[in-house]
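This report describes how a ligand is held in a protein model and what lines the space around it.

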Amino acid sequence: MKRIAPSVLSANFADLRADLEMINRSDADWLHVDVMDGVFVPNISFGFPLMEPMRKFCTKPLDVHLMIVHPEKYVERFCDAGAWSVGFHLEAVDDPLPILDLIKAKGVRTCLTINPDIAVERLVPYLDKVDMVLLMSVFAGFGGQKFIPETMDKIRFIRQEIDRRGLKTLVEIDGGVNTQNASELFAAGADVLVAGSAVFGASDPEEAIRIMKR
Ligand code: DX5
Ligand code: ZN
């Protein structure tokens with residue numbers, strides 16, 4: 001199954017409701033919600049106040065991607081704020097397991113994420129302990145960056161590992177995804193593609209989503 005999760009980071013915040021209604025009408029599967037703290041990444045996006053309108057006006061599941069230090073302090077609040085899944089960066093924490101447990105205790109799906117400079121092998125011990133892994137295909141922090149081609153081999157590696165062990169763990173790819181590379185990414189083993197600028201920057205965002213799912 002091919003899933004597309006448009007990243008709200010590239011939406012028009014002056015008219016967020018219109019963009020959320022477009023997402024509702026579209027073939028998008030989830031809404032990807034990028035939370036940045038200005039410490040883990042050199043950029044600040046938004047936090048809890050925007051979860052409220054997104055939960056209210058978006059009918060698609062909210063896929064929360066935390067780019068923050070100390071995710072253990074905030075994961076439960078994001079669950080309570082209506083997240084459908086909550087992910088945080090492996091390299092931001094000492095031990096992800098207790099934080100995954102906090103999310104699971106809320107009945108919310110878990111995701112572990114790594115930046116492009118973190119060895120994909122580091123995810124292997126956690127594959128049976130999370131619902132999803134997210135491989136960043138750009139360095140976390142900004143929308144509109146160029147896809148890093150080395151991600152392709154990492155997708156194949158993690159897909160093979162998941163299938164070999166008969167796991168159901170989803171593979172999500174985030175950064176530089178567009179209508180040109182989407183089919184190649186799905187073919188390599190991705191289950192979910194995040195796309196910010198390729199959706200919200202398109203003249204016809206709904207059509208861009210359709211093309212990426214073809
Ligand atoms: C980057 C974010 C991405 C970003 C993707 O730190 O995690 O989700 O919004 O944007 P594009 O699709 O424009 O690369
Ligand atoms: Zn993201």
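Ligand 1 is surrounded by 20 residues (a heavy atom within 4 Å), and the closest are Asp-34, Gly-141, Asp-174, Gly-196 and Ser-197. This is a predicted model, in which local features need pLDDT of at least 70, side-chain atom pairs count only at pLDDT 80 or more, and totals for chains, interfaces and linings use all residues. Residues are numbered from 1 along each chain as its sequence is written, chains are lettered from A and ligands numbered from 1 in the order written, and side-chain values use heavy atoms, without hydrogens and water.

By class, the shell has 8 nonpolar, 10 polar and 2 charged residues, with Gly counted as polar and Asp, Glu, Lys and Arg as charged. Strand 2 (31–36), strand 3 (62–67) and strand 8 (192–195) each supply at least two shell residues; strand 2 gives the most, with 3 residues. Strands are DSSP runs of E with at least two residues, and helices are runs of H or I with at least four.

| Residue | Distance to a ligand 1 oxygen |
|---|---|
| Ser-7 | 2.9 Å |
| Asp-34 | 2.6 Å |
| His-65 | 3.3 Å |

Taken alone, ligand 1 exposes 380 Å², and the protein buries 100% of that (Shrake-Rupley method, 1.4 Å probe).

The space taken by ligand 1 is the largest pocket, which holds about 260 Å³. Its lining comprises 25 residues, with Gly-143, Gly-144, Asp-174, Gly-175 and Gly-176 nearest the centre. Strand 2, strand 3, strand 8 and helix 7 (197–200) each give two or more residues to this lining. A pocket is an open set of points on a 1 Å grid where a 1.4 Å probe fits, with protein on both sides within 12 Å along at least five of seven lines; lining residues have an atom within 4 Å of a point.

Note on methods:
Polar contact = N/O pair within 3.5 Å; in protein donor to acceptor, adjacent residues only side chain to side chain. Sits in = over half its atoms within 2 Å of the grid points. Points joined across faces, edges and corners; volume = space filled by probe spheres on them.
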